[in-house]
Amino acid sequence: MQRLQDRVAVITGAGSGIGLATARRFAQEGAKVVAVDLDEVAGTKAADEVGGLFVKADVSQEDDVIRMFRTAHETYGSVDIAFNNAGISPPEDDSILTTGIDAWRRVQEVNLTSVYYCCKHAIPYMQRQGKGSIINTASFVAVMGSATSQISYTASKGGVLAMTRELGVQFAREGIRVNALCPGPVDTPLLQELFAKDPERAQRRLVHIPIGRFARAEEMAAAVAFLASDDASFITASEFLVDGGISSA
Ligand code: NAD
């Protein structure tokens with residue numbers, strides 16, 4: 001019997017990076033994976049690889065989020081795990097002095113409002129089942145300032161963390177655990193895109209990571225699989241830092 005045997009897991013942003021690594025890990029641990037992504041090609045590839053189901057959805061749109069959980073439930077009969085992970089990097093110049101309101105709003109919609117929709121529409125399924133595990137992807141920047149000026153991104157992730165705590169406390173007695181994954185810098189397309197725009201930024205980040213390297217997406221997936229499983233049965237409303245020590249340095 002594997003740790004996530006037959007659990008139905010909805011993963012957003014499953015086409016790339018942390019979401020893709022987690023889809024692979026969940027499948028290895030026995031879960032039925034519903035891979036959600038805006039990118040049809042990447043999402044289909046991920047779902048095919050893990051023997052799961054692909055649902056194309058834009059998580060910043062409530063109707064899409066409703067549809068993706070409904071599809072998961074209709075196909076597999078439950079919604080046991082929601083890994084609300086899809087997100088975008090900060091706009092190029094994300095200082096509070098220069099970020100425009102449109103860029104700010106877009107980051108909040110994709111990174112924060114999406115998590116609100118995902119929790120809002122996953123929880124009723126979990127309430128009916130009397131159990132469930134939600135993991136929301138925040139970031140290490142949710143617990144510390146960022147030296148690289150990314151106000152809209154940091155604020156969105158702070159919101160994800162606060163929402164996680166609120167929901168973790170509110171639904172604990174109903175058997176629903178809600179935790180936040182707070183990754184440090186992870187070597188994924190999102191980070192590569194950011195560093196391509198500003199190569200010095202990569203060096204500045206690296207010197208602050210006590211472990212001395214960027215994380216691999218698989219290291220995030222291992223933490224998410226733990227949080228999703230019964231091994232984490234007494235962990236809720238937590239910020240789970242997997243950051244190579246950067247937030248304490
Ligand atoms: P990534 O760019 O490799 O993957 C993100 C995936 O999300 C992509 O497949 C993309 O198509 C999808 N996506 C984007 N917008 C979407 C939308 N509106 N609807 C549905 N899917 C959408 O990024 P990643 O590094 O794996 O990041 C995953 C999460 O981890 C994000 O929330 C990110 O903010 C967070 N995070 C990343 C790092 C890092 O260093 N990489 C650090 C801390 C937190």
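A residue is called buried when its relative accessible area is under 20%, exposed when over 50%, and partly exposed in between (1.4 Å probe, protein chains only). Keep that in mind as we walk through this predicted model, where local features need pLDDT of at least 70, side-chain atom pairs count only at pLDDT 80 or more, and totals for chains, interfaces and linings use all residues. Residues are numbered from 1 along each chain as its sequence is written, and side-chain values use heavy atoms, with hydrogens and water left out.

Let's start with charges. Side chains of opposite charge can pair when their charged atoms come close. Here we count a salt bridge when a side-chain nitrogen of Lys or Arg lies within 4 Å of a carboxyl oxygen of Asp or Glu. The structure holds 15 of these salt bridges.

One of them joins lysine 120 to glutamate 62, with the closest N and O atoms 3.4 Å apart. This pair links distant parts of the chain, since lysine 120 sits in helix α4 and glutamate 62 in helix α3 (residues 62–76), 58 residues apart. Helices here are DSSP runs (H or I, at least four residues), as are strands (E, at least two), numbered from the N terminus. Lysine 120 counts as partly exposed because its relative accessible area is 40%, and glutamate 62 is partly exposed too, at 25%.

Now find glutamate 29, which forms a salt bridge with arginine 3, the closest N and O atoms being 2.8 Å apart. Glutamate 29 is buried, because its relative accessibility is 9%, while arginine 3 is partly exposed at 27%. Both belong to a salt-bridge network that also takes in Arg25 and Asp231.
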